[in-house]
Amino acid sequence: MTEAEAIRVFLVDDQELVRTGFAMIVDATDGMSVVGGAGDGESALAQLRRPENRCDVVLMDITMPGIDGIEATRRLLAEPDPPRVVMLTTFDTDDLLVEALRAGASGFLVKDAGAMELVAAIRAAALGEAPISPKLMRRLVDSFVLTAPAPHPGSGGAPSTDPSLDALTAREREILAAVGLGLTNSEIAARLHVAESTVKTHLGSVLRKLGLRDRVQAVILARTVRENGAE
């Protein structure tokens, strides 16, 4: 996905008003459009298997009747060539944030996010970034520190809250720290005066060495390490 390509979005929320509001914002934005929507996880999974509903980003409500957003995300990401999933949440779902992370969520967005934040999150997810609402970052880190166990290397589980970063090179540590600040690959490249492809290569190495599944886990790990005072 490049910035020049149109971003196809699928909306999943049991509140029709939420879906309608988000759809209006997405469809009014140049370079993206809504390809479909569903009010529960089971219907979403069925619709997303249809070729006409192929999409780049799914906005997925974390709590729904029947198959909830976490289970729907887990099943969706187990299929070939899945889209990126950004979880939609409220402030009463702290206990579900880590479960959503483990299910493979690429980002987190509060339902009362403004239009600019919504559009930015969709674009970031489509580009492989890890959009996380500033309102949720503190709570996500807290939930992660309290509940996430240390994984076995390469297990794909949630990253350790007390990681050994000795395996990382100095440049890789710089990039991990920058990822934790929420910077995109292009922003990191500009800050470190390197090519964006170099950032991607180093970030891939960080993920492999630390047993992280994706960028969103790297964001949480970097924030946790920083807030625990580790370097």
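## Overview

Helices (H or I, at least four residues) and strands (E, at least two) are DSSP runs, numbered from the N terminus. On that basis the protein chain has 10 helices and five strands. This is a predicted model, in which local features need pLDDT of at least 70 and side-chain atom pairs count only at pLDDT 80 or more, while totals for chains, interfaces and linings use all residues. Residues are numbered from 1 along each chain as its sequence is written, and side-chain values use heavy atoms, with hydrogens and water left out.

Of the 231 residues of the protein chain, 48% count as buried; buried means under 20% relative accessible area, exposed over 50%, and partly exposed in between (1.4 Å probe, protein chains only). A contact means heavy atoms within 4.5 Å. Among contacts in the protein chain with a separation of 6 or more, 68% come from residues 24 or more positions apart.

The five strands form an open sheet in the order 2-1-3-4-5, with parallel pairing. Two strands pair if DSSP finds at least two bridges between them. Strand 2 (32–38) and strand 5 (107–110) are the edge strands, each pairing on one side only. Direction ignored, neighbouring strands of this sheet are turned by 25° against each other on average. Angles run from 0 to 180 degrees between N-to-C directions, and axes are lines fitted to C-alpha atoms, for helices over the stretch in contact.

Strand 1 (residues 7–12) pairs with strand 2 in the parallel sense over six bridges. Phe-10 has Gly-36 of strand 2 as its bridge partner, and Val-12 has Ala-38 in strand 2. Strand 1 is mostly covered, with five of its six residues buried.

## Helices on the sheet

Helix 3 (residues 69–77) touches strand 3 (57–61) and strand 4 (84–89), and its direction makes about 180° with that of strand 4. Helix 5 (residues 115–126) also packs on the sheet; helix 5 touches strand 1, strand 2, strand 3, strand 4 and strand 5, and its direction makes about 125° with that of strand 3.

## Helix 9 and its partners

Helix 8 (residues 185–192) packs against helix 9 (residues 196–210) at an angle of about 105°, with the axes 8 Å apart. The two are therefore roughly perpendicular to each other. In this scheme, angles under 35 degrees count as roughly parallel, over 145 as roughly antiparallel, 65 to 115 as roughly perpendicular and the rest as oblique. Asn-185, Ser-186, Ile-188 and Ala-189 of helix 8 meet Glu-196, Val-199, Lys-200 and Leu-203 of helix 9. By class, this contact has four nonpolar, two polar and two charged residues. Ala, Val, Leu, Ile, Met, Phe, Trp, Tyr, Cys and Pro count as nonpolar, Asp, Glu, Lys and Arg as charged, and the others, Gly among them, as polar.

Helix 7 (residues 170–180) and helix 9 pack at about 90°, with their axes 9 Å apart, which makes helix 7 roughly perpendicular to helix 9. From helix 7, Arg-171, Glu-172, Ile-175, Leu-176 and Val-179 meet Val-199, His-202, Leu-203, Ser-205, Val-206, Lys-209 and Leu-210 in helix 9. The residues of the contact of helix 7 with helix 9 divide into seven nonpolar, two polar and three charged. Val-199 and Leu-203 of helix 9 are listed in the contact with helix 8 and in the contact with helix 7.

## Salt bridges

A search of the whole structure finds nine salt bridges, a salt bridge being a side-chain nitrogen of Lys or Arg within 4 Å of a carboxyl oxygen of Asp or Glu. Asp-13, Asp-61 and Lys-111 are linked in a network of them. Lys-111 and Asp-13 meet at 3.0 Å, N to O. Lys-111 lies in the loop between strand 5 and helix 5 and Asp-13 in the loop between strand 1 and helix 1 (16–27), so the pair ties together parts that are 98 residues apart in sequence. Lys-111 counts as buried at 17% relative accessibility, and Asp-13 is buried at 1%. Asp-61 and Lys-111 meet at 3.2 Å, N to O. Because Asp-61 lies in strand 3 and Lys-111 in the loop between strand 5 and helix 5, this pair ties together parts that are 50 residues apart in sequence. Asp-61 is buried too, as is Lys-111.

Another salt bridge joins the side chains of Glu-99 and Arg-102 (3.1 Å, N to O). Being three residues apart in helix 4 (residues 94–103), Glu-99 and Arg-102 are separated by about one helical turn. Glu-99 is partly exposed, with a relative accessible area of 30%, and Arg-102 is partly exposed, with a relative accessible area of 30%.
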